[in-house]
Number of protein chains: 2
Amino acid sequence: MSELILTTYDWVPPPPRGFVRDLRVRWALEEAGLPYRVECTPFRDRGPEHFAHQPFGQVPWLTDGELSIFESGAILLHLAEKRPALMPTDRRGRAEVLEWVIAALNSLDLPSQPWALFRFMGLPGEAPEAKFVEDFLTARLDRLEAVLVGRAWLAAGRFTVADLLMADVLRQVDRFDGLAKHPACHAYVARMTARPAFLKAYDDQMAHFAAADAA
Amino acid sequence: MSELILTTYDWVPPPPRGFVRDLRVRWALEEAGLPYRVECTPFRDRGPEHFAHQPFGQVPWLTDGELSIFESGAILLHLAEKRPALMPTDRRGRAEVLEWVIAALNSLDLPSQPWALFRFMGLPGEAPEAKFVEDFLTARLDRLEAVLVGRAWLAAGRFTVADLLMADVLRQVDRFDGLAKHPACHAYVARMTARPAFLKAYDDQMAHFAAADAA
């Protein structure tokens with residue numbers, strides 16, 4: 001099997017630490033027991049080499065032999081093909097993982113990321129746009145709550161990469177106490193982030209950026 | 001092969017017509033030459049049957065034999081597995097399609113959908129939240145513009161479901177003249193939506209909702 005190389009920033013300021021998107025890939029690699037190493041790209045000067053791998057100038061990207069893949073959601077699905085620990089191999093199980101991975105990346109992240117970014121930046125105020133995003137997120141969480149009240153896992157009756165991704169999306173809401181009215185969502189995040197593979201991934205990301213401070 | 005059934009609303013008010021998410025699935029089915037039929041779910045009364053198929057109370061969902069799949073992005077990837085017309089079968093081609101499908105659903109749709117919804121609702125005003133979303137979208141379009149200046153297709157050097165989805169995401173921005181400063185993005189949407197399969201899908205959706213008016 002070809003070597004897996006995860007590229008992330010060399011350094012980020014403290015606030016986003018623990019939430020940089022390489023974390024969800026580290027988490028998946030730990031769950032799957034896939035060995036990998038980490039390489040760095042400059043946070044401050046994003047040059048042609050960076051854009052060649054990640055056209056939006058973000059991180060992470062994954063190198064898998066001759067392939068270089070960007071978008072954390074795509075990387076997760078790529079890794080899921082390698083290991084049943086992340087996605088079952090039967091037709092129904094695969095379809096369930098796929099629909100919930102996309103639900104996390106689009107139906108949930110679509111309101112949750114602006115919602116969290118507004119808070120990150122000291123917004124939101126009283127503007128109708130802020131209320132719109134708030135109501136949008138609440139509507140999606142209400143529906144996810146109804147799902148999570150009834151079951152422990154989103155897809156295939158067991159832990160999959162769909163839970164990993166959904167929990168990582170919801171973490172950014174939980175960080176700003178946005179799940180207080182959705183106890184099943186809150187408990188779900190707590191359950192997923194208690195997994196040893198998450199804790200390892202989290203600690204590894206924090207240590208990676210702390211080492212850059214010391215350097 | 002099992003019958004494909006695409007479920008959409010029985011009716012929607014005029015403004016979203018031509019933009020309801022079943023359109024991108026119709027488009028993919030036309031590109032792939034896959035026969036399908038359309039079923040309806042009530043727009044006004046969304047009951048347990050609807051939520052059982054689509055937990056967020058939206059459309060579309062696709063029935064493929066014993067499978068029922070929601071999230072238009074997941075449906076597109078599911079269909080792409082069936083037909084090389086939508087996604088090549090080689091490892092590199094698949095990875096490129098996957099990363100650009102996810103880029104459309106997350107990196108682009110994340111700012112573009114709030115941006116378009118603000119306009120749809122008569123917002124945005126002068127609030128910092130409106131400016132944030134505007135700048136967020138511009139940053140992503142700037143990067144996509146740099147990619148599309150250099151090539152005709154996003155993945156695998158030819159039309160794939162990644163172009164279909166990216167064009168459908170950008171259409172909602174173009175509708176409000178949001179691509180005026182990004183001519184390569186604008187030309188890309190024009191080129192993709194001139195495809196016979198898009199025109200067929202668009203006409204079919206418009207006819208579907210017009211028939212509901214007449215009923």
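Let me begin with confidence: chain A averages a pLDDT of 96, and 100% of its residues score at least 70. What we have here is a predicted model, and its scores are ipTM 0.97 and pTM 0.97.

Turning to the interface, 38 residues of chain A are in contact with 38 residues of chain B. On the side of chain A that touches chain B, at least two residues each are supplied by strand S4 (67–70), helix H3 (72–80), helix H4 (91–120) and helix H5 (128–150) of chain A, and the largest share, 15 residues, comes from H4(A). By residue class, that side of chain A divides into 23 nonpolar, seven polar and eight charged.

Next, the interior. In soluble globular proteins, nonpolar side chains tend to be buried together. In this model the largest nonpolar core has 118 residues, and those with the most contacts inside it are Val101 and Val161 of chain A and Val101 and Val161 of chain B. If we leave aside neighbours within four places in sequence, Val101(B) is in contact with Val161(B), Ala162(B) and Leu165(B), and also with Gly73(B), Leu76(B) and Leu77(B).

Gly73(B), Leu76(B) and Leu77(B) are among the buried residues of H3(B), which brings me to that helix. Because nine of the nine residues of helix H3 (residues 72–80) of chain B are buried, the helix is largely enclosed by the rest of the structure. And what covers those buried residues? The cover includes H4 of chain A, together with helix H1 (22–32), strand S3 (61–64), strand S4 (67–70), helix H4 (91–120) and helix H6 (161–174) of chain B.

Definitions and conventions
Residues are numbered from 1 along each chain as its sequence is written. Chains are lettered from A and ligands numbered from 1 in the order in which they are written. This is a predicted model: local features need pLDDT of at least 70, side-chain atom pairs count only at pLDDT 80 or more; totals for chains, interfaces and linings use all residues. Two residues are in contact if their C-beta atoms, placed from the backbone, lie within 7 Å. Helices (H or I, at least four residues) and strands (E, at least two) are DSSP runs, numbered from the N terminus. Ala, Val, Leu, Ile, Met, Phe, Trp, Tyr, Cys and Pro count as nonpolar, Asp, Glu, Lys and Arg as charged, and the others, Gly among them, as polar. pLDDT is the predictor's confidence in each residue, from 0 to 100. A nonpolar core is a set of buried Ala, Val, Leu, Ile, Met, Phe, Trp, Tyr and Cys residues joined through C-beta atoms within 7 Å. A residue is buried if 20 or more other C-beta atoms lie within 10 Å of its own, exposed if 12 or fewer, and partly exposed in between; C-beta atoms are placed from the backbone.
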